Amino acid sequence: MSRVLVVEDEMAIAELIALNLRHSGFDVVVAHNADDAQSEIDKVLPDLVLLDWMLPGQSGLALAKRWRSASRTRDLPIIMLTARAEEVDKVAGLDAGADDYLTKPFSTHELMARVRAVLRRKAPQALDAAVEVAGLRLDPATRRVCRGDQEIKIGPTEFKLLHFFMTHPERVHSRAQLLDRVWGDHVFIEERTVDVHVKRLREALSPVQRSQLIETVRGAGYRLTQQVADVAA
Ligand code: CA
């Protein structure tokens with residue numbers, strides 16, 4: 001399930017946003033200030049953050065800047081929420097690293113449309129859209145992976161791992177990044193676990209000659225390559 005962190009000190013607004021996101025199938029965590037938001041991020045990296053600009057203590061703008069400058073949170077999708085409709089504020093928000101910007105009051109339709117648009121662009125693994133790479137089709141809605149009319153048997157962790165790889169092809173992901181993005185836990189799970197599941201994933205892809213899809217990048221991690229020859233694995 002995709003996880004959204006809502007950082008908003010006004011309880012009523014936070015609840016309304018959380019309610020709407022949960023209705024759409026998101027797992028929602030709410031933080032009411034910058035410190036709580038940071039400790040949630042330290043625990044589990046969400047798929048997206050809705051970040052209020054005006055927070056008690058440290059502002060949402062300062063938080064966004066801090067997250068953008070840290071390697072672990074550099075690509076974190078962020079939508080700023082604000083009551084300030086001035087263009088200069090919008091520019092400051094985008095400069096601080098926000099991916100999009102919502103001015104209060106906003107409709108739930110607009111909220112959900114922006115959330116989906118940012119996820120589509122930056123975290124497509126958080127959406128239910130089917131993906132196709134190198135003749136392999138993965139459908140999150142039916143939890144099926146097929147090549148042509150051949151369906152493969154795949155475990156839940158390998159499914160998530162493959163989904164992440166397929167939505168981020170050609171990029172090299174370190175073991176720590178994969179733990180963060182696929183397992184949602186970078187603290188208590190050993191990096192060796194990634195190797196175990198990559199091995200299982202390759203085995204699952206073997207019957208459809210796609211085990212070479214996942215490349216080991218020495219000293220760096222793993223990558224999904226789209227250049228796969230149709231030879232027996
Ligand atoms: Ca506020």
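## Basis of the values

Because the model is predicted, local features need pLDDT of at least 70 and side-chain atom pairs count only at pLDDT 80 or more, while totals for chains, interfaces and linings use all residues. Residues are numbered from 1 along each chain as its sequence is written, and side-chain values use heavy atoms, with hydrogens and water left out.

## Calcium site

The calcium ion has protein donors from Asp-9 (OD), Glu-10 (OE), Asp-52 (OD) and Met-54 (O), at 2.1 to 3.1 Å from the ion. Donors are N, O and S atoms within 2.8 Å of the metal, or 3.2 Å for Na, K and Ca; water is not among the atoms, so sites may look incomplete. Along the chain, the donors follow the spacing D-E-x41-D-x1-M.

Buried means under 20% relative accessible area, exposed over 50%, and partly exposed in between (1.4 Å probe, protein chains only).

## Salt bridges

The whole structure holds 18 salt bridges, each being a side-chain nitrogen of Lys or Arg within 4 Å of a carboxyl oxygen of Asp or Glu. Side chains of opposite charge can pair when their charged atoms come close. Among the bridges is the pair Arg-171 and Asp-75, with an N to O distance of 3.6 Å. Arg-171 sits in the loop between helix H6 (156–167) and strand E10 (172–173), and Asp-75 in the loop between helix H3 (60–69) and strand E4 (78–82), so this pair ties together parts 96 residues apart in sequence. Helices (H or I, at least four residues) and strands (E, at least two) are DSSP runs, numbered from the N terminus. Both partners are partly exposed, Arg-171 at 45% relative accessibility and Asp-75 at 41%.

Arg-114 and Glu-110 form another salt bridge, at 2.8 Å from N to O. Both residues belong to helix H5 (residues 108–122), where they are four residues apart, about one turn of the helix. Arg-114 is partly exposed at 24%, as is Glu-110 at 31%. In the salt bridge between Glu-215 and Arg-223, the closest N and O atoms are 3.0 Å apart; Glu-215 is partly exposed at 28% and Arg-223 at 24%. A network of salt bridges links Arg-3, Asp-27, Glu-40 and Lys-43.

## Cavity

There is one cavity of 30 Å³ or more, and the largest cavity has a volume of about 30 Å³. On a 1 Å grid over the protein atoms alone, a cavity is a set of points where a 1.4 Å probe fits but cannot get out, and a pocket is an open set with protein on both sides within 12 Å along at least five of seven lines; lining residues have an atom within 4 Å of a point. Grid points are joined across faces, edges and corners, and a volume is the space filled by probe spheres set on the points.

The lining of the largest cavity consists of Arg-3, Leu-5, Val-29, Glu-40, Ile-41, Val-44 and Pro-46. Strand E1 (3–7) and helix H2 (34–43) are the elements that give two or more residues to this lining. By class, the lining has five nonpolar, no polar and two charged residues. Ala, Val, Leu, Ile, Met, Phe, Trp, Tyr, Cys and Pro count as nonpolar, Asp, Glu, Lys and Arg as charged, and the others, Gly among them, as polar. Arg-3 and Glu-40 also belong to the salt-bridge network with Asp-27 and Lys-43.

## Pockets

The largest pocket has a volume of about 660 Å³. Of its 27 lining residues, Met-1, Ser-2, Asp-47, Gln-125 and Ala-126 lie nearest its centre. H6 and helix H7 (175–183) each supply at least two lining residues. The lining has 12 nonpolar, six polar and nine charged residues. Domain 1 (3–126) and domain 2 (131–232) both contribute to the lining, so the largest pocket lies between them; the domain bounds come from an automatic or database domain assignment.

The second largest pocket has a volume of about 320 Å³ and 18 lining residues, of which Ser-71, Arg-72, Asp-75, Gln-177 and Arg-181 lie nearest its centre. H7 gives the most to this lining, with four residues. By class, the lining has seven nonpolar, four polar and seven charged residues. The second largest pocket also lies between domain 1 and domain 2, because both give residues to its lining.
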